[in-house]
Amino acid sequence: MTTPHPGPHGPGALLRPRLPSPLREVQDERFARRGVRLLLKRDDLIHPDLPGNKWRKLALNLEAAAGRTVLTFGGAYSNHLRATAAAGRLLGFGTVGVVRGDELAHRPLNPSLARCAADGMRLHFVDRATYRAKTSPEVLGGLLSRFGHVEVIPEGGSNAPAARGCTALGRELAGEVDVAAVACGTGGTLAGLAAGLDPGQRALGVPVVGGGFLAGEVARLQREAFGGPAGDWALEERFVFGGYARTTPELDAFADGFEERHGLPVERVYVAKLLFALTALAGEGAFAPGTRVAAVITGAPDTPPQEPSVSR
């Protein structure tokens, strides 16, 4: 089937993404001693405010919103909320962020939420039970009554348009690698990446959250986006490190060492777990000699909030 692309004058084009994102090989003896080549797919360089899979997942969703206010969901450190707020500021549409944790409403905003607010996002805090039921007719109906005619985008931006948008990531890697690996939170990027790869290539997802639900989510997204299974993909679920946004001294030490080796600032919620997993898998002999493995770098470490840049 033909996958739609953001139109030449649509929101995605107006944001002026840098595409295709660079693909750069790095020399790392932990891979080289196994005869494996490691490449970094620098999706973090696509756009300064909507890096990586956030741009790819939002582009078609914003085109469908057609300038309406966008309402979406996320936790206190959600990259998706930040990206949506930035897109609203750059393109001039309203944004509402439904944030997990009503106790946060009475605390100073953390740097992530402060950036959302600076970009004009209206933050609406809900308790955790309500957040878990965010897709129920009751909760959605209450939100629509409160905020009016809005375009609702799910948590993490993962829906059928997002998966279709992420097929371009796979197409950019056609013929370049054997395995394309990405960290997974909600499954949308992996669903589209796998669909965009050529036959003979495979996609590997590294979940950053436990629970064992992602395989079902990726399959569901592929059914909704492509009508059924698409591409060769698998999950490696051993590297959650305690759950979403959690870390360990071992993971921190690994990320610090990777930064020193390769001069790449390593984002800790997603990218650190991805790179740790690939390094461990290479050490276990999971990749045959000669395998070209691409790690999709979906974001950079947080920086302090700054004054919003001028829309381009």
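Me: Where does F241 lie?
Reply: In this predicted model, F241 lies in the loop between strand 9 and helix 11, the helix that covers residues 249–262.

Me: And what about its phi?
Reply: F241 has a positive phi of about 55°, although F241 is not a glycine. Most residues other than glycine have a negative phi.

Me: Is F241 buried or exposed?
Reply: F241 counts as buried, because its relative accessibility is 14% and the cut-off for buried is under 20%.

Me: What about A66, where is that one?
Reply: A66 sits in the loop between helix 3 and strand 3, and A66 also has a positive phi of about 55° without being a glycine. A66 is exposed, with a relative accessible area of 61%, whereas F241 is buried at 14%.

Me: Which peptide bond is cis?
Reply: The bond from L19 to P20 is cis, with omega near -10°, and P20 is found in the loop that runs between helix 1 (11–14) and strand 1 (23–26).

Me: Switching to the open sheet, what is the strand order?
Reply: Four strands form an open sheet in the order 5-4-3-6, and the pairing is parallel. The edges are strand 5 (122–126) and strand 6 (151–152), each of which pairs on one side only.

Me: How many bridges join strand 3 to strand 4?
Reply: Five bridges join strand 3, residues 70–74, to strand 4, residues 95–100; within that pairing, G74 has V99 in strand 4 as its bridge partner.

Me: What does H124 contact?
Reply: H124, which lies in strand 5, is in contact with G97, V98, V99, L143, R146 and F147, once its neighbours within four places in sequence are left aside. H124 is buried, with a relative accessible area of 16%.

Me: What does L104 touch, then?
Reply: Not counting residues up to four places away in sequence, L104 touches A76, V99 and F125. L104 lies in the loop between strand 4 and helix 5 (111–118), and L104 counts as buried at 16% relative accessibility.

Me: How far apart are the C-alpha atoms of L104 and F125?
Reply: They are separated by 7.0 Å, although L104 and F125 are 21 residues apart along the chain.

Me: Next, helix 9: how many of its residues are buried?
Reply: Eight of the nine residues of helix 9 (188–196) are buried, so the helix is mostly covered. The buried ones are G188, T189, L190, A191, G192, L193, A194 and G196.

Me: What covers them?
Reply: The cover includes helix 3 (53–65), helix 8 (160–172) and helix 10 (214–226), together with strand 7 (179–184), strand 8 (202–207) and strand 9 (233–235).

Me: Zooming out, why does the radius of gyration agree with a compact globule?
Reply: A compact globule of 312 residues would have a radius of gyration near 20 Å, and the protein chain has 19 Å, which agrees. Along its principal axes, the C-alpha trace spans about 60 × 45 × 40 Å.

Me: How many helices and strands are there in the chain?
Reply: The protein chain has 12 helices and 10 strands. Among contacts between residues at least 6 apart in sequence, 74% join residues at least 24 apart, and 51% of the 312 residues count as buried.

Me: Last one, how many positive and negative side chains?
Reply: There are 35 positive and 32 negative side chains, with the centres of the two sets 2 Å apart. The accessible surface comes to about 13400 Å², of which 53% belongs to carbon and sulfur atoms.

Key. Residues numbered from 1 in each chain as written. Predicted model: local features only at pLDDT ≥ 70, side-chain atom pairs only at ≥ 80, totals over all residues. Heavy atoms only, no water. Helix = DSSP H or I, 4+ residues; strand = E, 2+ residues; numbered from the N terminus. Rg over C-alpha atoms; globule rule 2.2 N^0.38 Å. Buried < 20%, exposed > 50% of the residue type's maximum accessible area, 1.4 Å probe, protein only. Contact = heavy atoms within 4.5 Å. Areas by Shrake-Rupley, 256 points an atom, 1.4 Å probe, with all protein chains shown as cover. Lys, Arg positive; Asp, Glu negative; His and termini not counted. Charge placed at Lys NZ, Arg CZ, Asp CG, Glu CD. Pairing = 2+ DSSP bridges.
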